[in-house]
Amino acid sequence: MKVMVVYYSMDGNSKYVADEIANQMDADVLRIEPVKSYPSGAFSKRFWGGKDAIFGGRPELKPYYFKPEEYDVIIIGTPNWTGTFAAPMKTFLDENDLDEKKVAFYVCSASGNSKKCFGKLKIKLPNSKVLAQLSLTEPKNKVKEEDKIKIQDFCNQISMGIKK
């Protein structure tokens, strides 16, 4: 089984989860990054990131190597920006055909409410088979044993879904 974790992380939460998943599943990892970074100030990054999320921004990404046909499962990791996935992930999904692939999603947020974000990911990938979903609240900043168990369960769901 070959697994790829593709993630975008602004504050390091999605990266933290990507690293945990990669360790547990022996997965490859691809961090996507916009050519022009979002501002780092608390208000500025939320304003510009939120604007892109609401108005469908598609920032140009730094070059990366990815061939979906090389993987059995693609795990998508993103922060939740105003109820949807981050704009750099929108660009990535527009650039890559994941139609009919086995996928899994994890979403990191400050609120813990990722239901709308998962719904929008499913709309973006309507013909893909979703094996698992994971929602975490600031996992890097508020490390909890409960989150480690959730990540392990998420990985187990993916492994079981691959075998089906």
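Predicted model: local features only at pLDDT ≥ 70, side-chain atom pairs only at ≥ 80, totals over all residues.
The protein comprises 5 helices and 6 strands. Read along the sequence, these elements follow the pattern β-α-β-α-β-β-α-β-α-β-α. Of the 164 residues in the protein, 50% are buried. Among contacts with a separation of 6 or more, 79% are made by residues 24 or more positions apart.

Strand 1 is mostly covered, as 5 of its 5 residues are buried. The covering extends to both faces of the strand: Val 3, Val 5 and Tyr 7 are buried on one side, and Met 4 and Val 6 are buried on the other. With strand 3, strand 1 pairs in the parallel sense over 5 bridges, and Met 4 stands opposite Ile 74 of strand 3. With strand 2, which spans residues 28-31, strand 1 likewise pairs in the parallel sense, over 4 bridges. Within strand 2, Arg 31 is the bridge partner of Tyr 7. Strand 1 and strand 2 also belong, together with helix 1 (residues 13-25), to a β-α-β unit that is right-handed.

In soluble globular proteins, nonpolar side chains tend to be buried together. In the present model, the largest nonpolar core contains 25 residues. The residues with the most contacts inside this core are Val 6, Phe 66, Ile 74, Ile 76, Phe 92 and Leu 93. At least two core residues are supplied by each of strand 1 (3-7), strand 3 (73-81), helix 3 (87-95), strand 5 (102-109) and helix 4 (115-124). Helix 3 gives the most to the core, with 4 residues. Apart from this core lies another, of 24 residues, which includes Cys 108, Leu 134, Leu 136 and Ile 158.

Helix 3 is largely enclosed by the rest of the structure, because 7 of its 9 residues are buried. The buried residues of this helix are Ala 87, Pro 88, Met 89, Lys 90, Thr 91, Phe 92 and Leu 93. For Phe 92, the relative accessible area is 0%, and the residue is therefore buried. When neighbours within four places in sequence are left aside, Phe 92 is in contact with Val 6, Leu 30, Ile 32, Leu 61, Tyr 64, Phe 66 and Ile 76. Val 6, Phe 66 and Ile 76 are also among the residues with the most contacts inside the largest core.

The aromatic residues were then considered. A search of the whole structure finds 3 aromatic pairs. In one of them, the ring centres of Phe 66 and Tyr 71 are 6.3 Å apart and the ring planes lie at 10°, so the pair is stacked. Phe 66 and Tyr 71 are buried: the relative accessible area is 9% for Phe 66 and 8% for Tyr 71. The rings of Phe 66 and Phe 92 have their centres 5.2 Å apart and their planes at 55°, so this pair is classed as tilted. Together with Tyr 64, the residues Phe 66, Tyr 71 and Phe 92 form one aromatic cluster.

The charged end of Lys 90 sits over the ring of Phe 85, 5.6 Å from the ring centre. Lys 90 is one of the buried residues of helix 3. Lys 120, by contrast, is placed in helix 4 and, at 36% relative accessibility, counts as partly exposed. Lys 120 and Phe 85 are 35 residues apart along the chain, and their C-alpha atoms are separated by 7.6 Å. Not counting residues up to four places away in sequence, Lys 120 touches Gly 83, Thr 84 and Phe 85.

Notes
Residues numbered from 1 in each chain as written. Heavy atoms only, no water. Core = buried A, V, L, I, M, F, W, Y, C linked by side-chain atoms within 4.5 Å. Buried < 20%, exposed > 50% of the residue type's maximum accessible area, 1.4 Å probe, protein only. Contact = heavy atoms within 4.5 Å. Pairing = 2+ DSSP bridges. Right-handed = clockwise from strand over helix to strand, strands pointing away. Phe/Tyr/Trp six-rings, centres within 6.5 Å; stacked < 30°, edge-to-face > 60°. Lys NZ or Arg CZ within 6 Å of the ring centre and 35° of its normal.
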